[in-house]
Amino acid sequence: MPAALTRPALSRALLARQFLIERARMPALAALEHLVGLQVQAPGPPYFALWSRLEGFDPGELARLLTDREAVRITVMRGTLHLVSDRDALQLRALTRVVTERALRSHYARALGEVDVWQVAQAARDLLAEGPMTGSVLGDRLRERWPGVEARALSMAARYLLPLVQVPPRGLWGRSGQPLLETVETWLGRPVAAEPCVETMVLRYLGAFGPASVRDAQTWSGLTRLGEVMERLRPQLRVFTDEQGRELFDLPEAPRPHAELPVPVRFLAEYDSLVLSHADRSRLMDEPVRRALATRNGQVPGTFLVDGRVRGTWKADTGRKAACLTLTPFGRLADEAEQALAEEGERLLEFATDGRPVPRQVTFAAPRPPGPA
């Protein structure tokens, strides 16, 4: 009979392989590949995500990966924008193409009507051969050929069907700029993988997010029918159960620390994949917290962990003259937890301000029960 893993044991296993118990000493590119990318609906979150995970992380290192084309911002898992290595972009985009195609049908079928969306995609590819352009400009150019269709729907057809990347300066630390789109083939000079391996993707998911169920892997990737894949992999995996008796799969040598191992407070970035990559998120948060984070119109705030669980949200306001970090707990925190969060928060503000000598302040808002704003 498979061994059972408690909720604290699952929490610590996840945090260990996410480098959130002890910060890792490794290059940013290696961390990005170990984590199978980072969700990046905004430019800043991946920098804070790696700051929480890597010892001595330098944001300039990640920015250079983007400008050197060793990392790209591209739509992959869950049909959402991720920052991934160049190698992973070519593999993961091929694997998750069915996810983006499904999303297009779900969100824009009515607006597109009888338009042949693959003709739209080819027309967009031809236009982008002239050079990178914003999604709005691309939509306007496509509407010249399909005048009866909304420009946004045409633009989104291209963005869902083509492997497009957001090119720098978008996503660079301390820089701003509209998202300019380019095909990944043009940007990297290589095509997406012709025969991507779904088994490899699932094994890497377990290495970064396991132990996990089939439903967990499907939630993370957006793919379906991964039960068949997990069955093929079963002979080389360890099998556990959770407290509800659900079957969990894991790599044999992956870290699974003791359930009572003390863990430090940690700050998770906005849209952090850690809080989005399981169907059952009880290893990290109580159900009211999960519902609260799921009802913010697709916005996922920065959160903080105490004893391996999501216990509140954070927001940093940084300017030229001052910086403030506001922590909003989901309930009363112990004094020692507040002290640890304040100390870690000071370090976060130092990072956010590039060490500039400006006044910094960490404040705690009144505890607020989790729920819709």
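How do the residues lining the second largest pocket divide into nonpolar, polar and charged? Keep that in mind while you set up the view.

This is a predicted model, in which local features need pLDDT of at least 70 and side-chain atom pairs count only at pLDDT 80 or more, while totals for chains, interfaces and linings use all residues. Residues are numbered from 1 along each chain as its sequence is written, and side-chain values use heavy atoms, with hydrogens and water left out.

**Stop 1: the second largest pocket**

Select Phe48, Glu270, Trp314, Ala316 and Thr318, which lie nearest the centre of a pocket lined by 29 residues. Those residues comprise 12 nonpolar, 8 polar and 9 charged. (Ala, Val, Leu, Ile, Met, Phe, Trp, Tyr, Cys and Pro count as nonpolar, Asp, Glu, Lys and Arg as charged, and the others, Gly among them, as polar.) A pocket here is an open set of points on a 1 Å grid over the protein atoms alone, with protein on both sides within 12 Å along at least five of seven lines; a cavity is a set where a 1.4 Å probe fits but cannot get out, and lining residues have an atom within 4 Å of a point.

The volume of this second largest pocket is about 650 Å³, where volume is the space filled by probe spheres set on the points, with grid points joined across faces, edges and corners. Now colour α3 (45-51) and β12 (309-318), each of which supplies at least two lining residues. The largest share, 6 residues, comes from β12. Helices (H or I, at least four residues) and strands (E, at least two) are DSSP runs, numbered from the N terminus.

**Stop 2: the largest pocket**

The space inside is about 800 Å³, and the lining has 15 nonpolar, 13 polar and 8 charged residues.

**Stop 3: two cavities**

The whole structure holds 2 cavities of 30 Å³ or more. For the largest, of about 60 Å³, select Ser213, Arg215, Asp216, Asp242, Arg246, Leu248, Ala279, Asp280 and Arg283. Its lining divides into 2 nonpolar, 1 polar and 6 charged residues.

The second largest cavity has about 40 Å³ of space. Residues lining this cavity include Leu38, Gln39, Pro45, Pro46 and Glu270. Here α3 gives the most, with 3 residues, and the lining as a whole has 6 nonpolar, 2 polar and 2 charged residues.

**Stop 4: helix α13**

Show residues 226-233 and pick out Leu226, Val229, Met230 and Leu233, the buried residues of α13. Buried means under 20% relative accessible area, exposed over 50% and partly exposed in between (1.4 Å probe, protein chains only). Look down the axis: the buried residues fall within an arc of 95°, so they line one face of the helix. That arc is taken over the directions from the helix axis to the C-beta atoms. Among the elements covering these residues are α11 (198-209), α12 (214-221) and β9 (247-250).

**Stop 5: glutamate 33**

Move to α2 (residues 28-34), where glutamate 33 lies. Is glutamate 33 buried or exposed? It counts as buried, at 19% relative accessibility. Its side chain makes a polar contact with that of arginine 87, at 2.9 Å. (A polar contact is a pair of N or O atoms within 3.5 Å; within protein, one must be able to donate a hydrogen and the other to accept it, and residues adjacent in sequence count only if both atoms are side-chain atoms.)

**Stop 6: backbone details**

Most residues other than glycine have a negative phi, and most peptide bonds are trans. With that in mind, select proline 168 and proline 169, joined by a cis peptide bond with omega near 20°. Another cis bond joins glycine 210 and proline 211, with omega about -5°; proline 211 sits in the loop between α11 and α12.

Arginine 69 is in the loop between α4 (59-67) and β3. Finish at aspartate 354, with a positive phi near 55°, in the loop between α15 (335-352) and β14 (360-364). At 51% relative accessibility, aspartate 354 counts as exposed.

Note on methods. Contact = heavy atoms within 4.5 Å.
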